[in-house]
Every structure is written in structure tokens, then in C-alpha cells.
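Here is a set of questions and answers for a reader meeting this structure for the first time.

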Amino acid sequence: MGSGAKRVIAAVLAGLVLATAGGSVWWTLHRASAATPPPPPPEPHFATKVERGAYLFEHVGCIACHGVHGAGGVVNANYIRGTNPALDLQAGRMMLDEKAKGDAVVAMIEHGEDPHAATAHPPFDRYDVFLAQWDATRAVIQNGNPAAKLDPNGPQPVSMPSWRGTVNDADMDCLLAYLITQEPWDADGYAPDETEAPEQEAAEHAAGSEPVEPHEQAQQTPPPAEPQ
Amino acid sequence: MSRKISPLLFAVLFTLSASGSFLSLRAGAQATGSISGVVDAPARLRANAVVYVDHANGHFAAPSAPVSLDQRGMRFLPRVLPVLVGTTVRFDNHDPTQHNVFSPDNGGYDLGMFGQNQTANHRFDRAGVYTQLCHVHPEMIAFVIVLQNPYYAVTDASGNFRIPNVPAGSYHMLAWQEHGHGGPVDAVVHAGADTSVHVPVGH
């Protein structure tokens, strides 16, 4: 075999080695980048759905806008409310104004039950309102929500993004169960009251920026109608 | 002669004026008093309680103009709105975003989505409590309390209330608060007087 032929064979072999190495590198890189978002790190094992919800709340990113434990207080420039909605009060807004009601819903989720299945035998009063708020909250996670501006000429505040495709139904259950457990129940097991005093409401209404058509503030007792 | 007629004229005039004032009393200027007082309740149940007469005789005409329930700053104002049955509530969206108005209570209603400076009306023809929600903003909540008669008031931060212009009579007072309820408590109203009652409200 001539030296020329040896060189050719060496070159071919070298080419094969390089191609194989390059291919495996490409394959490795391709596998790593094919799934977007990147494949999740090995999922920690959670004993409860609430624990998984707590994990998701931090790792999906809810915490960035809604605060640690959903306690709110995160400033959103030019958002109409100034700060993003707190989520640790969502239980109260879902009619779970007593801890026992919150516990009942969390128990359903832990047992893998759909709260809608309990409609025939609701475990507490105003259950239809609870379900309506349960569904509405999930719809906001799925669909996102544009943030309303405080100053119409100011910058667009950060909006709630859609988490469709990122947070599935089962994970929404976990998130909501977790948020219910974050409600700051008082010593007697009651959710904090979010109502403002009527006089405070009236003052805030009166301080509204733009003039609106006059109408009766509703806290006033209207003049009684005459019996007919 | 004039001496004989004068007492007769006087008697006639007196009778006419007396019957006249009696008639006017029946016709409209009904003898009314007021009911005032405070709800006896834990702090969280004191404000925004609706204190109302359970039932009053007669049929009461709903106001001809709609009553406003504002959507402003990502909430309903006021949070608690008592109205007489038959009243139309006008929902005013004053926020630079779309709002929805719906309630699952008592058969429910859904007025759809509407934008800034738009309104949607709903007439409440059945007495009851209607939880007022917004599909797209589950942080918003209010309550429309539809009542049989117009004798109601909303408590202030300290739990005080006053219901004016209540016809004289005996009533059962009830209270509704979003976390509780109270009554019945008896109240006897005398014309031109205020009746003070304490209404216990609990969970």
C-alpha cells in the first residue's frame, strides 16, 4: 500500500471519527434544546398537593408578582391598584371565610376530587359562589389578564400572562389548595375581613379622578316609597 | 244674628279642618318615626351590615331611576348595596379595562363584558342576597341585598345605623352581613319619635 493510499484511509477514518463525535455532540445538544421550555429537573416528591402547590408557586413564577406566600405588596408601575393582587386572601373571596370551609376544599383536592362533584351535597353554604370563584380564578391562570392603567397616558403595567400549557388542571388544583392554606385565619378560624367602612368607600368614590355622571351613593337610605 | 251664627261657623270650620288634617294624614303624610341603634357584633361583623325591617305592610314602588353600583379601581363600590325589590341596578365600569358582571345566586345572571364608561343594567325582581362577581377579576366581590320594603340602612365602621321615615307600627328587625346575620329583634315605632334597638349579629 502506498503512502498516498494510507493517507487517504487515515483521512477517511479521521473523518468518520470526527463525524461520529460531532454527531453525538449534535445529538446531545439537540436533545437538550428540543424541548422548550427545557425539561424540568427531576421533580421533587411531594407528600401532599399543598406542598406541590407551594413548590409550583415559587418555581412557575407566581411569587415574582404576587409576593412571598401570595401576600401581595409587589409594586406594579402604573397599575390601577399600585400593587398586584394579593392571593393569600383569595380563600375569603371564594366564600371560604372560615378555616373549616378551606380545610374541606383542601381535603377534596388532596383526595383527587373535583369540587364540582360535591354540588349535590355542598359541604358548606354559598357553595355555588365558591365554585364560581374557583372557576374564575382558574380561568385567570389559564387566560391571563391585561393590567389596567392608572394613568391612561402612562406606561403599560405588567399584565398577568397566560399559563396555559405551563400549568395544567392538576397543578392548578395544587396551586389553589396551597393558596387556601395561606389565608391568614384569625385565632377563631375566620378569614380577615376585606370590607372597607362605608364612609371610607364613599370618600374614595368621591375622590375619583374624573367627573362622572352624578348618581346616588348607595350607602344612603333612599327616601322610603309610599305604601300603595 | 251674627252672635248665633258665629259659633255654628266655628263648629263647621273646626270640623272641616279636623277632617282635612285626618285625610291628609291618611293620604300621604303618614305618621313616621325612625329606628336607630347599633349591631352588637364582633369587630369584623360590625361594618357594612344591612339592618332592615323584615316585612312591612303594603306594596312599595321601586325607584324610577336606576341605582348605581360602581366598578372602580378593580372593585365594586359600594361593597354592600341594599335595594328595594323591583329596583334596577346600573353597573358603571369606570376602569380602563373590561369588566364582567355576574351572580350565581337565585337563578343568577350574567351581563357579559363591557368596557370603560359603559354600563349594564339589571332589574332585581326577587328578594334575596345576590353575590356580585366579575368573571375576569376574581378579587372583586360585592353583594346586592334585595328587600321587600325600603326600611333599611347600612352600618358604619362602628356598627351604627339609622332608618328614617318608618311608619308607626311594630316590626321585626333583621340584619345581614357578608360573614353573618342577626335578629329578629322587635322594634315599635311611634310617630315623631326615634326607637333605639340593638341587633345582635353573629356567624
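Predicted model: local features only at pLDDT ≥ 70, side-chain atom pairs only at ≥ 80, totals over all residues.

Q: Which residues make the contact between α6(A) and α7(A)?
A: On the side of α6(A) they are W134(A), T137(A), R138(A), I141(A) and Q142(A), while α7(A) brings D169(A), M172(A), D173(A), L176(A) and I180(A). By class, this contact has five nonpolar, two polar and three charged residues.

Q: Is N145(A) buried or exposed?
A: N145(A), which lies in the loop between α6 and α7 of chain A, has a relative accessible area of 14%, and because buried means under 20%, N145(A) is buried. Leaving aside neighbours within four places in sequence, N145(A) is in contact with V140(A), S159(A), M160(A), V136(B) and H137(B).

Q: What makes β12 and β13 of chain B the edges of their sheet?
A: The open sheet of seven strands runs in the order β12-β2-β14-β15-β16-β1-β13, with mixed pairing. Both β12(B) and β13(B) have a single partner strand, so one side of each is left without a neighbour in the sheet.

Q: How do you know that β2 and β14 of chain B pair?
A: Two strands pair if at least two bridges are found between them, and β2(B), residues 50–53, and β14(B), residues 169–177, are joined in the antiparallel sense over four bridges. V50(B) has W176(B) as its bridge partner in β14(B).

How values were computed
Residues numbered from 1 in each chain as written. Chains lettered and ligands numbered in written order. Heavy atoms only, no water. Contact = heavy atoms within 4.5 Å. Helix = DSSP H or I, 4+ residues; strand = E, 2+ residues; numbered from the N terminus. Nonpolar A, V, L, I, M, F, W, Y, C, P; charged D, E, K, R; others polar. Buried < 20%, exposed > 50% of the residue type's maximum accessible area, 1.4 Å probe, protein only.
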